[in-house]
Amino acid sequence: MNPEERADAEVLVDARGLKCPLPVLKLEKALADGPDKGRIVVLATDPVARIDIPYYCRQRGLDVAIEPVSGGAMRFSVTKT
């Protein structure tokens, strides 16, 4: 029941149904545990994640793109360079 899946330097973090600050904390853990370069994809349903995740990324110099997905979730693609 691990929310992270690793494949081709991409890490998927499923934070759907979790409330602030858990999506950011799961992103932070994935960044620490994941590959040095690549992408972390976070799926989140908490509306506050739309503010918190980009803010977290800006503070750390990470690129982030946001797109809506079905079921009211958002997909955050965080690029580690």
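Tutor: A salt bridge is a side-chain nitrogen of Lys or Arg within 4 Å of a carboxyl oxygen of Asp or Glu. The model is predicted: local features need pLDDT of at least 70 and side-chain atom pairs count only at pLDDT 80 or more, while totals for chains, interfaces and linings use all residues. Residues are numbered from 1 along each chain as its sequence is written, and side-chain values use heavy atoms, with hydrogens and water left out.

Student: How many salt bridges does the structure hold?
Tutor: E10 with R39 is one of them. D14 also meets R16 in a salt bridge, and E67 meets R75. The structure's total is 4.

Student: In what sense do β2 and β3 pair?
Tutor: Two strands pair if DSSP finds at least two bridges between them. β2 and β3 have 6 bridges. Their sense is parallel.

Student: Which residue in β3 is the bridge partner of D14?
Tutor: The side chain of D14 is taken up with R16, in a salt bridge of 2.6 Å, N to O. D14 is partly exposed at 27%, and so is R16 at 45%. In β3, the bridge partner of D14 is L43.

Student: How many of the 7 residues of β3 are buried?
Tutor: β3 is largely enclosed by the rest of the structure.

Student: Which side chain of opposite charge is nearest to K80?
Tutor: K80 sits in strand β5 (residues 74-80) and is buried without a salt bridge. Lys and Arg count as positive, Asp and Glu as negative; His and the chain ends are not counted. At 5.2 Å, the nearest side chain of opposite charge is D36.

Student: Which backbone oxygen does the side chain of K80 reach?
Tutor: K80 touches residues including L31, G34, I40 and L62, where contact means heavy atoms within 4.5 Å. Its side chain reaches a backbone oxygen at 2.5 Å, that of P35.

Student: Which cysteine sulfur is closest to that of C20?
Tutor: The structure holds 0 disulfides, a disulfide being a pair of cysteine sulfur atoms within 2.5 Å. The closest cysteine sulfur to that of C20 is 14 Å away, too far for a bond.

Student: How far apart in space are A65 and S77, C-alpha to C-alpha?
Tutor: A65 lies in strand β4 (residues 63-68) and is partly exposed at 44%. Beyond four places in sequence, A65 contacts R75, F76 and S77. A65 and S77 are 12 residues apart in sequence, yet C-alpha to C-alpha the distance is 5.2 Å.

How values were computed
Helices (H or I, at least four residues) and strands (E, at least two) are DSSP runs, numbered from the N terminus. Buried means under 20% relative accessible area, exposed over 50%, partly exposed in between (1.4 Å probe, protein chains only). A polar contact is a pair of N or O atoms within 3.5 Å; within protein, one must be able to donate a hydrogen and the other to accept it, and residues adjacent in sequence count only if both atoms are side-chain atoms.
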